[in-house]
Amino acid sequence: MGVLDFLKKEKNGEKKNSHYLSGKEVKAIAKANAAEMRRLEKAKARKVPESEYLTEMKEENNILEIENLHSYFFTDQGVVKAVNGVTFNIPLNSTVGVVGESGCGKSVTSMSVMRLLQGPSGQIVEGSIRFKAYDFKRDEQGNCIPVYEKDENGEIVQEPVLDKKGEQVRDKEGNPVFQPKQKRDSHGLGIFEKEEKVFDVAKMPIREMYRLRGRQMSMVFQEPMTSLNPVFTIGDQLDEVTLLHVPGATKELAKKRSIEMLNMVGIAMPERVYASYPHELSGGMRQRVMIAMALAGEPRLIIADEPTTALDVTIQAQILDLFNDLKNRINGSILLITHDLGVIAEMADYVVVMYAGRIIEQGTASEIFHNPLHPYTQGLQKSKPTMNSSSDQLFNIPGNVPNPINMPNHCYFKERCSKCKEKCSGEYPCMVQVSPTHYVACHLYGEKEE
Ligand SMILES: Nc1ncnc2c1ncn2[C@@H]1O[C@H](COP(=O)(O)OP(=O)(O)OP(=O)(O)O)[C@@H](O)[C@H]1O
Ligand code: SF4
Ligand SMILES: [Mg+2]
């Protein structure tokens, strides 16, 4: 059948293709989208007092709490509900793994936490992202407050003020000038007061996010080549992290720290790599540079989106060790996104399983690996290749993830599920708690048998 015959049939109403949109429909969608995107972009740019996005954690032990997050893309084909009501927590000093097949919304969830969704089409539409930041305390003018040295009587120690040549500064009467002596760290940099504050990242104006990105939370992106700037050397890009986030940092200190970081992520000849451009490095080296960059600010939350996919197995193990080491050293946490169930099993304390923009199961790593409840999680486990499997064919979950535009109101996994029952054609299943830490959204659980 030719295209013209097909269109003729469409016109006569003989065949309805659900993916086909007329020009009129596309125009109407674009118009509705434009109004919504304008409203959301305006909200992102407006100046608001800090009190509007300061909040409290629901549980003291968490560093991140995502609640009912909805992140959408407004396209001319319709609204893609990439993240559609996601709720999970990341406790302090722990690793939360997010798994799910391609396109289920893992990257969009992490980009939402960093507020890096590409506007105007990508927007957080609803929900909260509460993040516990440990930031510099500021005075009314917005300046950092120094921590001063005190003597045994509790009095602030005074030190002589020196000029650029290192000579004593004197006042008009010729008396030496003194100033309070600031405490210094091992690099000789002044120490400033810090305080813990909880921000609702989803409500923060975009310009305020610069306070958090890099120093408080940082991200290792899925594609290193698109995340490194091709016209700057690796050194320039790494130094920038220290220069931006460490008050009083000099170029020399930044270079020293950058080379230390390159060493730490297992790069041989770090001085040479420091002076190279991204295109001069292999894919694995670029990935390690990205990791060095994310670690340079010593953030409390590291979001790693497929951090080891481009690396060979030996380097993969080293990098995973490095993440663990850093997490323990600074009492930080990791949000680890990966397809690799082996990596999750080794690294994660808690696991979140996503499907088509929603969480379908979550629990401790042991619960998800030893007692997977959702048919999709069970399928994921079975499709993992093992050395001692008796079958010579790998299990695969039949079918595909449904079209993300106009999702049905019933369980999204229904068309692919072998355990489907009558109730599954009804409303989308609620999240059911099966243990203090294990939750599943499936009609097979939490209800009396009919
Ligand atoms: N810029 C965009 N415009 C429109 N839709 C998008 C855009 N970016 C992502 N999406 C859609 O959002 C959904 C979730 O994408 P996401 O990148 O989060 O998937 P993922 O789980 O990270 O997949 P992968 O494992 O392949 O990285 C997909 O349906 C994708 O098509
Ligand atoms: S709700 Fe029904 S269709 Fe969905 S996963 Fe559970 S059993 Fe399968
Ligand atoms: Mg992704």
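I began with a crossing: helix 6 and helix 8 cross in a right-handed way. The residues that make the contact are R257, M261, L262 and M264 on the helix 6 side, with A292, L295 and A296 on the helix 8 side. Sorted by class, that contact holds six nonpolar residues, one charged residue and no polar ones. Then I looked up the geometry: the axes of helix 6 (residues 251-264) and helix 8 (residues 283-296) come within 9 Å and cross at roughly 125°. The two helices are therefore oblique to each other.

A reminder to myself before going on: this is a predicted model.

**Whole chain**

I stepped back to see the protein chain as a whole. I find 12 helices and 14 strands in its secondary structure. Its C-alpha atoms fill a box of roughly 100 × 55 × 50 Å along the principal axes. The chain has 450 residues, and 33% of them count as buried. I also checked the contacts with a separation of 6 or more: 65% of them come from residues 24 or more positions apart.

**Helix 5 against helix 6**

Back to helix 6, this time with another partner. How do helix 5 and helix 6 pack? Helix 5 (residues 234-245) and helix 6 meet at an angle of about 115°, their axes 8 Å apart. I note them as roughly perpendicular, therefore. The crossing of helix 5 with helix 6 is right-handed.

For the contact itself I listed G235, L238, D239, T242 and L243 from helix 5. Helix 6 answers with K251, L253, A254, K255, R257, S258 and M261. By class, I have five nonpolar, three polar and four charged residues there. R257 and M261 are names I had already written down for the contact with helix 8.

I picked out one more residue here, D236, which lies in helix 5. Is D236 buried, exposed or partly exposed? It has 16 other C-beta atoms within 10 Å, so D236 is partly exposed. I also checked D236 against S258: they are 22 residues apart in sequence, and their C-alpha atoms are 9.3 Å apart in space.

**Around ligand 1**

Next I went to ligand 1, which has 17 residues around it. The ones that come nearest are A82, S102, K106, S107 and V108. By class, the shell has six nonpolar residues, 10 polar and one charged.

Which elements supply at least two residues each to this shell? I found strand 1 (62-75), strand 2 (78-91) and helix 3 (106-114). Helix 3 gives the most, with three residues.

That made me look at helix 3 more carefully. Eight of its nine residues are buried, so helix 3 is largely enclosed by the rest of the structure. The buried ones are K106, S107, V108, T109, S110, M111, S112 and V113. K106, S107 and V108 are also among the residues nearest ligand 1. After helix 3 comes R115, with a positive phi near 55°.

**Around ligand 2**

I count 13 residues surrounding ligand 2. The closest are C411, C417, C424, C442 and H443. The classes in this shell are nine nonpolar, two polar and two charged.

**Helix 12**

Which residues of helix 12 (residues 375-382) are buried? I have P375, Y376, T377 and L380.

M269 is not a glycine, yet its phi is positive, about 55°. I located M269 in the loop between helix 6 and helix 7 (270-274). With 10 other C-beta atoms within 10 Å, M269 is exposed.

A356 is also a residue other than glycine with a positive phi, near 50°. Is A356 buried or exposed? A356 is buried, with 22 other C-beta atoms within 10 Å.

Note on methods. Residues are numbered from 1 along each chain as its sequence is written. Chains are lettered from A and ligands numbered from 1 in the order in which they are written. This is a predicted model: local features need pLDDT of at least 70, side-chain atom pairs count only at pLDDT 80 or more; totals for chains, interfaces and linings use all residues. Axes are lines fitted to C-alpha atoms, for helices over the stretch in contact, and angles run from 0 to 180 degrees between N-to-C directions. Helices (H or I, at least four residues) and strands (E, at least two) are DSSP runs, numbered from the N terminus. Angles under 35 degrees count as roughly parallel, over 145 as roughly antiparallel, 65 to 115 as roughly perpendicular and the rest as oblique. A crossing is left-handed if the near helix is turned anticlockwise from the far one by less than a right angle, and right-handed if clockwise. Two residues are in contact if their C-beta atoms, placed from the backbone, lie within 7 Å. Ala, Val, Leu, Ile, Met, Phe, Trp, Tyr, Cys and Pro count as nonpolar, Asp, Glu, Lys and Arg as charged, and the others, Gly among them, as polar. A residue is near a molecule or strand if its C-beta atom, placed from the backbone, lies within 6 Å of it. A residue is buried if 20 or more other C-beta atoms lie within 10 Å of its own, exposed if 12 or fewer, and partly exposed in between; C-beta atoms are placed from the backbone.
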